[in-house]
Amino acid sequence: AAFPSGSWFGRGEPGDKNQMWLAQMLPGGEFRIHFRACRRKEGHDSIETGHWSLKGDIETIDIATVNGAADPRQDVYQILFQDGRKQSYRYLQTGFVYNSVQVDANFHLPPCGLMS
C-alpha cells in the first residue's frame, strides 16, 4: 500500500498540546480520523471522514463529515519527512508542523487520564 495508508497516531495541535488523533488512511483514498481533546482529564471526541490524495509531497485531505454530519472542508499539507514509521507534515494554511507515528491497526486512543 502506498504512503500514507495505515494507522497513524499523533499528539499536539496549535494551542492544545494535549489533543491527540488516530488517522486511519485506507489505500483506496478514504480516511477516518478520531480526535480526542483532553480537558481536565476528560475526553472530548470527534470523528472526521473523507478522502485523501497525494501528489508529490503535497497531501490533500477532503473532509466530508464531522461526527456523521456533512461538513465539507479541504486541508492541504506538505510532507516534510516520512520513513514508513514516522512522519512530519506542515499544514500550509497556518505553517503548523504535525508529527505522527505508525501504529498497529488495533491501536486505540489512550484515555485522557493517562496522558501527561
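This is a predicted model: local features need pLDDT of at least 70, side-chain atom pairs count only at pLDDT 80 or more; totals for chains, interfaces and linings use all residues.
**Fold.** I looked up the secondary structure first. I then checked the overall dimensions. The C-alpha trace spans about 40 × 30 × 30 Å along its principal axes. The radius of gyration is 14 Å, which agrees with the value near 13 Å that a compact globule of 116 residues would have.

**Burial and contacts.** I noted that 40% of the 116 residues count as buried. Among contacts between residues at least 6 apart in sequence, 33% join residues at least 24 apart.

**Surface and charge.** The accessible surface comes to about 6,800 Å², and carbon and sulfur atoms hold 52% of it. I counted 12 positive and 13 negative charges, whose mean positions are 8 Å apart.

**Aromatic pairs.** I found seven aromatic pairs in the structure. One of them joins Phe9 and Phe107, which are tilted at 55° between the planes and 5.0 Å centre to centre. Phe9 lies in strand β1 and Phe107 in the segment after β8, so this pair ties together parts that are 98 residues apart in sequence. Phe9 is buried at a relative accessible area of 14%, whereas Phe107 is partly exposed at 27%.

I also looked at Tyr77 and Tyr89, an edge-to-face pair with 5.6 Å centre to centre and 85° between the planes. Tyr77 is in strand β6 and Tyr89 in strand β7, so the pair ties together parts 12 residues apart in sequence. Both Tyr77 and Tyr89 are buried. Tyr77 and Tyr89 belong to one aromatic cluster with Trp21, Tyr91, Phe96 and Tyr98.

Terms used:
Residues are numbered from 1 along each chain as its sequence is written. Side-chain values use heavy atoms; hydrogens and water are left out. The radius of gyration is taken over C-alpha atoms; the globule rule is 2.2 Å times the number of residues to the power 0.38. Buried means under 20% relative accessible area, exposed over 50%, partly exposed in between (1.4 Å probe, protein chains only). Contact means heavy atoms within 4.5 Å. Accessible areas come from the Shrake-Rupley method with a 1.4 Å probe; for residues, only the protein chains shown count as cover. Lys and Arg count as positive and Asp and Glu as negative; His and the chain ends are not counted. The place of a charge is taken as NZ of Lys, CZ of Arg, CG of Asp or CD of Glu. Rings of Phe, Tyr and Trp (its six-membered ring) pair if their centres lie within 6.5 Å; planes under 30 degrees apart count as stacked, over 60 as edge-to-face and the rest as tilted. Helices (H or I, at least four residues) and strands (E, at least two) are DSSP runs, numbered from the N terminus.
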